[in-house]
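Keep the viewer open as you read.

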Amino acid sequence: MKILKKILMFLLSIIVVLLLTKDFIIKNAITTIGSKAIGAKISVEKFNLSLFKQSVQIVGLKIYNPPGFEDNPFLNIARAEVDVDIVALFKGKIHLPLVVLDLKEFVVFKNSQG
């Protein structure tokens, strides 16, 4: 019985740590994996995933130009917020009751190859 209690306490502590650090983990995944996927630097000031509100908020999302272009962000989103209807997702439908996109800057450069 004591071993079961210790195992449950250990699992509970892992869940608490994951809930407290989920935003940090996801933010770092977006910047590292996203940067590798698109071949350009991505930075995020703040990321918040609310499981209870079923919403995602990103503040200060910047996607920079790929190598060979100016080292400026081509996409600068001051704030992006999306509410998701989880029940609709389980039914195979996408329902976003709220989508907020505060686009600060969007710059496109054309190189010599077009």
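I14 has 33% relative accessibility, so this residue counts as partly exposed (buried means under 20% relative accessible area, exposed over 50%, partly exposed in between, with a 1.4 Å probe and protein chains only). Before going on, note that this is a predicted model, in which local features need pLDDT of at least 70 and side-chain atom pairs count only at pLDDT 80 or more, while totals for chains, interfaces and linings use all residues. Residues are numbered from 1 along each chain as its sequence is written, and side-chain values use heavy atoms, leaving out hydrogens and water.

I14 sits in helix α1, residues 2-38 (helices are DSSP runs of H or I with at least four residues, strands are runs of E with at least two, numbered from the N terminus). How does the span of α1 agree with its 37 residues? At 1.5 Å a residue they should span 54 Å, and the end C-alpha atoms are 50 Å apart, which agrees (the expected span is 1.5 Å times one less than the number of residues). Look also for a kink of about 55° in α1, centred on T21; the bend is the angle between axes fitted to the seven residues ending there and the seven starting there.

Which residues of α1 are buried? They are K22, D23, T31, G34 and S35, and their cover includes β1 (42-43) and β2 (46-50), with contact meaning heavy atoms within 4.5 Å. After α1 comes G39, with a positive phi near 75°.

Finally, visit Q54, in the loop between β2 and β3 (55-64). Its phi is also positive, near 60°, in a residue other than glycine. Most residues other than glycine have a negative phi. At 31% relative accessibility, Q54 counts as partly exposed.
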